[in-house]
Amino acid sequence: MTHAGSTGEGRWLRAIAYGLLAEIATIVTIIAAVVVHHYVFKPGLSDAEYAAFGAQAGAVLGVLAGTIYVYLFAQFLMRRLTANHVAHGLVVAVAAIALSVGGSLAGHHGVPRAYLLACLLKLIAGAFAGFRATPRGAAVASG
């Protein structure tokens, strides 16, 4: 009997799932920051001020947290792999990007400029996580 993670298809599906989880974690982080700002740091502001903060938090945290979560979730995936590390890291990034851009198109009917930077950084983070997990990459990174 084979373990689902030991099949090629299972590993790729896991990479997609980790990418989706990375983007969900980013969304939760943005929501948490907005809620804490609203109820802890700045209660009593106008709806327009909260909306402005939410947009700013989304732009900044979307880029930073999105990049960090893609790297972290790709690192989690690397523990289960023996090959194709960079490709799997890129799949994590592409899945996160797909959810992010799809959500933006559905919600905003467009893609803000900050998403371009976020997409690039997610690809770099996924590839870097994969590179660090390869035997050659691990030796170069630690050496």
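Me: What pLDDT does the chain average?
Reply: This is a predicted model, in which local features need pLDDT of at least 70, side-chain atom pairs count only at pLDDT 80 or more, and totals for chains, interfaces and linings use all residues. Residues are numbered from 1 along each chain as its sequence is written, and side-chain values use heavy atoms, with hydrogens and water left out. The pLDDT is the predictor's confidence in each residue, from 0 to 100. At least 70 is scored by 89% of the residues, and the chain average is 88.

Me: In which helix is confidence lowest?
Reply: Helices are DSSP runs (H or I, at least four residues), numbered from the N terminus. Confidence is highest in H4, at a mean of 94, whereas the lowest mean, 61, belongs to residues 135-142, which form helix H5.

Me: Which residues form the salt bridge with the closest N and O atoms 2.6 Å apart?
Reply: Side chains of opposite charge can pair when their charged atoms come close. A salt bridge is a side-chain nitrogen of Lys or Arg within 4 Å of a carboxyl oxygen of Asp or Glu. The structure holds one, and its partners are Glu 23 and Lys 122.

Me: How many residues apart in sequence are the parts that Glu 23 and Lys 122 tie together?
Reply: Glu 23 is buried (under 20% relative accessible area, with a 1.4 Å probe and protein chains only; exposed is over 50%, partly exposed in between), at 6% relative accessibility. Lys 122 is buried as well, at 3%. Glu 23 belongs to helix H1 and Lys 122 to helix H4, so the parts tied together are separated in sequence by 99 residues.

Me: Which helix gives the most to the lining of the largest pocket?
Reply: A pocket is an open set of points on a 1 Å grid over the protein atoms alone, where a 1.4 Å probe fits, with protein on both sides within 12 Å along at least five of seven lines; lining residues have an atom within 4 Å of a point. Helices H1 (8-41), H2 (47-78), H3 (85-108) and H4 (114-133) each supply at least two lining residues. With six residues, the greatest contribution comes from H2.

Me: Is Ser 104 buried or exposed?
Reply: Ser 104 lies in helix H3. Leaving aside neighbours within four places in sequence, its contacts (heavy atoms within 4.5 Å) include His 109 and Tyr 115. At 1% relative accessibility, Ser 104 is classed as buried.
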